[in-house]
Every structure is written in structure tokens, then in C-alpha cells.
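Hi,

Here is the structure I promised to pass on to you. My notes on what turned up in it follow just below.

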Amino acid sequence: MTASPPTPRPGVAFLLAQLGAHAAGLFAERIAGLDLTPAQAGLLRMLAAAPGRSQRELAGDLGMPPSRFVPFADELEERGLIERRRNATDRRVYALHLTEKGEALLTELAQAGMAHEQLLCEALTDEEHDRLLALLRRMADQQGLRPDVHPGYRTLRPKPKP
């Protein structure tokens, strides 16, 4: 009888993918109560950090075609979370801004994000958390990933209208 080869242990890439998928699913569940998708949450955070950016700029930063970005932003505008304003220097361009309602929701979103981080990292000490964060940032930088943009935006599709 021949011994079977040892089962290889998962590597860093597998564990990152496994944890990433798990974390994304938990986060989506957590913010579903706020009636947000992770992509919508990301756009609200981007607008809070840099209000008044054009739809084209935001679409470019997210890696989305502008034609996909417009219906994505329309949903948030219809809910009163963002507003489009004419650009003061170029009336052909719309600048996006959070509304008061959007800012209030962003506060709730920040609380959800902190709770999510605590849940995922509860097995780590503060020092281990800081070290892991630094290592992951270094890996993301080396791969050319932007720290504020999830790569999932590239394949984002607007929700179909009922």
C-alpha cells in the first residue's frame, strides 16, 4: 500500500482570497440593514473624502465606464443620499455631493465598518493588527492597488429596475 502525498497547506494567496470573500460577505450582510450595497457604501465614502468631483472622474477612479456609473449614482440620488450640482466653472459637468441624509448615513456606515473590523480582527492583539495592516498595505502597493478603491467596481452592474 502506497502512502498518499501530504495535503499541501494553503498559502498566503489562498488565505487572503478566503478571508476576503468571507469579509466581503459579512460586510454586505452588516450594511444591508442600512439598505446599502458595499459598492454604494464605497461611493459615499469617496464623496465624503472629496466632494464635488465629476461623474467622469469618479467613474475613472473606480475603473467603471461612465455609462455604468450614471445609473449607479442615479440610485443614490433617487434615495436623497447624493445630489448632482452644475460645476461652477463648466456648466456641462455635474459635481456630486453628499446630502445631509447621505452624511447621516455615512456616520452609521462608519460605525458598521468599525464593528466589522473588530469582528474580523478579534483574534489579533493591537500590535498584530497594526503589523498585519502594514504588511497588507505594502502588498497592495506592490500590486498597484489603490487603497480607497475596491477592484470589484470594474465589474459592477447597476441593479435592474423593477
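Let me start with how the chain folds back on itself: of the contacts between residues at least 6 apart in sequence, 60% join residues at least 24 apart, where contact means heavy atoms within 4.5 Å.

A word on the basis of all this. This is a predicted model, in which local features need pLDDT of at least 70 and side-chain atom pairs count only at pLDDT 80 or more, while totals for chains, interfaces and linings use all residues. Residues are numbered from 1 along each chain as its sequence is written, and side-chain values use heavy atoms, with hydrogens and water left out.

Now the overall picture. The protein has six helices and three strands, taken as DSSP runs numbered from the N terminus (helices: H or I, at least four residues; strands: E, at least two). In sequence order the pattern is α-α-β-α-α-β-β-α-α. With a radius of gyration of 19 Å, well over the 15 Å that the globule rule gives for 162 residues, the protein is more spread out than a compact globule. That radius is taken over C-alpha atoms, and the rule is 2.2 Å times the number of residues to the power 0.38. The C-alpha trace spans about 75 × 35 × 30 Å along its principal axes.

S1 is joined to S3 (residues 94-98) by two bridges.

Arg-53 is worth a look here. It sits in S1 (residues 53-54), and its bridge partner in S3 is Leu-96. Arg-53 is buried, at a relative accessible area of 18%. Leaving aside neighbours within four places in sequence, Arg-53 is in contact with Met-46, Leu-58, Asp-61, Tyr-94, Ala-95 and Leu-96.

And which residues does His-116 touch, leaving aside its neighbours within four places in sequence? They are Ala-23, Leu-26, Phe-27 and Arg-30. His-116 belongs to helix H5 (residues 100-120) and is buried, with a relative accessible area of 10%.

Happy browsing!

Terms used
Buried means under 20% relative accessible area, exposed over 50%, partly exposed in between (1.4 Å probe, protein chains only). Two strands pair if DSSP finds at least two bridges between them.
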